[in-house]
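Have a look at the picture, then read on.

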Amino acid sequence: MPMPPLPTDDACHVVITGGAGFLGLRLARTLLALGQLSVAGAAPKAIGRITLVDRVAPPADVAADARIAVLTGDLTALLEDKQAPAPVVGAQTAVVFHLAAAVSGECEANFDLGMRSNFAATLALLEVCRGLRTRPLLVFASSLAVFGDAPGLPLPAAIEDHTLPTPQSSYGIQKFIGEQLVADYSRKGFVQGRNVRLMTVSVRPGQPNGAASSFLSGMIREPLAGSRAACPVAPDTPVALSSPGRTVQGLIRAAESTDLQWGPRTGLNLPALTTTPGAMAAALERVAGPAASSLIDWTLDAAIGDIVKTWPARIHSVRAGSLGLWAEESFDDIIRDYIRETPYAVARPIRPQ
């Protein structure tokens, strides 16, 4: 596939690592629809090119856009490969959204995979940005998993902007390391770093992934498609969620904020809706009827439960609020948004609102 020309000085070049994944594609589609981006508060520029970097190619409808360039392969290998068809980032790159990562369950099962995908790749990307000497803006997708209920150091009732990260999984530790690297490369003036801590995203379309939190989408997505789904934790387990739309909104706001608006180099906690699997099932029943909610099997899985119970469920995001970012008020609305956006994945009649 030929690479589209790099944008001129009056246009913006954006790179999305993990660009063929669910969030990467949602972000790309949103940026393409917006057509422009205000980087760190500067005057908006037209988006001239978005480079999607991933192990797999994006869908044909996205790849067909003349502004899309595709680099397929392992991120670290592409960063180090002098024979690659184009550099992952270059002197004309204005913004890098670094979403590529191995997810929580994968990292617990395969330590080497997590260290390679989440630590080594992030360091390699920062080193390439450092070598450019152009100080691109880099938005790093961190995670709620940097917080954990540690033995002898329980989590507070709600996570505040100043709460000390205490990750209790390999994934959480790798994400916190990434935050610290981005913060130091920012302090040294190599990049303009923005660490954004994402909440569990629900409802994700498509197939389940290896994340321990995958069931929080599957228990809604599968019943709407007419299939059974398992919930591996107790119905009253508190969880913090965000919709796909609000998550992408947070990523873009991070790129557009000025240094003064953004504030400290520490991670920004995106807002979250606090709920439980039981309340989610009740919302599904209100939206799609008891035939949908009856397809949820409440089958406990101790391994997943041990991970999920260490995660915080209540987030008090004053910083995010100052940037105009807020959590959803209703999980019913999140389900209805999913149905509206993915009608092809819904097999049962939906109750009128």
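How many of the 10 residues of strand 3 (residues 45-54) are buried? The answer is 7, so strand 3 is largely enclosed by the rest of the structure. Here, buried means under 20% relative accessible area, with a 1.4 Å probe and protein chains only. Strands are DSSP runs of E, at least two residues, numbered from the N terminus. Keep in mind that this is a predicted model, where local features need pLDDT of at least 70, side-chain atom pairs count only at pLDDT 80 or more, and totals for chains, interfaces and linings use all residues. Residues are numbered from 1 along each chain as its sequence is written, and side-chain values use heavy atoms, leaving out hydrogens and water.

Now for the partners of strand 3. Two strands pair if DSSP finds at least two bridges between them. Strand 1 (residues 11-17) runs parallel to strand 3, joined by 7 bridges, and V15 has T51 as its bridge partner. Strand 4 (residues 68-72) is also parallel to strand 3, over 5 bridges, with V70 partnering L52. Strand 2 (residues 36-37) pairs with strand 3 in the antiparallel sense over 2 bridges; there, L37 meets K45.

Next, find the open sheet of 3 strands, in the order 8-10-12 with mixed pairing. Strand 8 (200-201) and strand 12 (273-275) stand at the edges with a single partner strand each, so one side of each has no neighbour in the sheet. Strand 10 (residues 239-242) pairs with strand 8 in the parallel sense over 2 bridges, and with strand 12 in the antiparallel sense over 3 bridges. From strand 10, V239 and L241 point one way, A240 and S242 the other, and all are buried.

How values were computed: Helices (H or I, at least four residues) and strands (E, at least two) are DSSP runs, numbered from the N terminus. Buried means under 20% relative accessible area, exposed over 50%, partly exposed in between (1.4 Å probe, protein chains only).
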